[in-house]
Amino acid sequence: VILVVALLGLFVSYAPRYVLRYLVASELDALGIEHEGLETLAINPWTRELWLGPVRFGAGPSDRGQLGELGLTLRLNPLIQRRVSVELLLIRGIDVVVTRDRENALSLNGIPLTHFISPVGAAGKPGKGGGVWTAGADTLELRASRLIFRNANGGEIEVDVERLALLDFKAWEPDRPGRFELTARVNDIRLNWSGEARPFADNISFTIDSRTEQADVPKLIRFTGPWGLDRRDGTYDARLKYELTLSESGRLEGRTVGAIDIEGADYARSGLFALTLVRAKLDLDMHYALSESGDFTLQGKVGVDLGPYTATFDDETRFAAAAGR
């Protein structure tokens, strides 16, 4: 009896990892995805933990994407109620490139995302007699990761995520808000965002407290492409709060409140215009709505405090002021 129990214990402890490695590898091979590192996948049924990484993957001549480490702790009891309840999901060291071609098709390190995303309308609705699975997580964290988005025109957005945390998002509690925290750099523009969201409610809502620092035109041009400017100096910092609600009927309502600070703006395009602005501050309190029929309304207040500034148009008209409001 002791020998049988010992063998069963060893089987339960080690067999799942080999079975899952085989299933994952077989699926990736069937999709034509090259991979290495799946041997790091480990499961501990006794602690309900799964660990994976480092793993590299890709297709064709594209550079290989990377997943440094993935850790998952899953609750088993909610599975009886058709709930996938994640206690902790930790992802670290992602390095991937998402590319959009001229036909607007997306690929992840050379892997077409159509492998993983069903076309709109392809998924069927569950029947009346069948149950619907729902998912939720106590804590989901993404750390020390880099995502690069590239357009067919050569534009690029590089997102360096220091930490993204999603807390208490549960589909079976749709009216209870989850919380999120984001610290990242987008093309070296510093982002510190936090807030609450109800993504599973009938009326989807978001509240975002955002601070954006060290933004300037060259960092934006890296994505959009050249603007034809001869001079393009100036930095922007913003402290804004957003409130957004998407109703079940399709109506979108929102509010933006906060301030934007501008320092050392100096822009010029030969023969067209030149503008220098030592400093400026914009105070916003805007309400906006997009109706079900597509009608857009906007109302609110905008206050602008300007420091010394000069402007030239067509090399003929010049204007200057010491201050303005």
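Me: Two strands pair if DSSP finds at least two bridges between them. Going by that, over how many bridges do S16 and S17 pair?
Reply: S16 and strand S17 (residues 252-269) pair over 15 bridges, in the antiparallel sense. Helices (H or I, at least four residues) and strands (E, at least two) are DSSP runs, numbered from the N terminus. This is a predicted model, where local features need pLDDT of at least 70 and side-chain atom pairs count only at pLDDT 80 or more, while totals for chains, interfaces and linings use all residues. Residues are numbered from 1 along each chain as its sequence is written, and side-chain values use heavy atoms, with hydrogens and water left out.

Me: OK, and what stands opposite Tyr242 in S17?
Reply: Thr256 is the residue across from Tyr242 there.

Me: How many residues sit between S16 and S17 in the hairpin?
Reply: Five. Gly250 is in that turn, and its phi is positive, about 105°.

Me: Which way do S15 and S16 run, parallel or antiparallel?
Reply: Antiparallel, with 10 bridges joining S15 (residues 204-215) to S16 (residues 231-246).

Me: Switching to S20. What does it form with S21?
Reply: A hairpin, with three residues between the two strands. Asp314 in the turn has a positive phi of about 55°. Five bridges hold up the pairing of S20 (residues 309-313) with S21 (residues 317-321), again antiparallel. Phe313 stands opposite Thr317 in S21.

Me: Now pockets. What's the volume of the largest pocket?
Reply: About 470 Å³. On a 1 Å grid over the protein atoms alone, a pocket is an open set of points where a 1.4 Å probe fits, with protein on both sides within 12 Å along at least five of seven lines, and lining residues have an atom within 4 Å of a point. Points are joined across faces, edges and corners, and the volume is the space filled by probe spheres set on them.

Me: Which residues lie nearest the centre of the largest pocket?
Reply: Leu28, Leu52, Val55, Phe57 and Leu67, out of 20 lining residues. H1, S3 (49-52), S4 (55-58) and S5 (65-67) each put at least two residues into that lining. H1 gives the largest share, three residues.

Me: How do the lining residues of the largest pocket divide, nonpolar, polar or charged?
Reply: 19 are nonpolar, one is polar and none is charged. Ala, Val, Leu, Ile, Met, Phe, Trp, Tyr, Cys and Pro count as nonpolar, Asp, Glu, Lys and Arg as charged, and the others, Gly among them, as polar.

Me: What does the lining of the second largest pocket have by class?
Reply: Three nonpolar, six polar and six charged residues. The space in this second pocket is about 230 Å³. Of its 15 lining residues, Ser62, Asp63, Val97, Asn109 and Arg150 lie nearest the centre. S8 (95-100), S9 (106-108) and S11 (134-150) supply at least two each.

Me: Salt bridges next. How many does the structure hold?
Reply: 25, counting a side-chain nitrogen of Lys or Arg within 4 Å of a carboxyl oxygen of Asp or Glu. Among them is Arg92 with Glu69, whose closest N and O atoms are 2.3 Å apart. Arg92 is in S7 (residues 83-92) and Glu69 in S6 (residues 69-75), so this pair ties together parts 23 residues apart in sequence.

Me: Backbone check: which peptide bond is cis?
Reply: The one from Gly53 to Pro54, with omega near 0°. Pro54 is placed in the loop between S3 and S4.

Me: Which residue other than glycine has a positive phi near 45°?
Reply: Ala144. You'll find Ala144 in strand S11.
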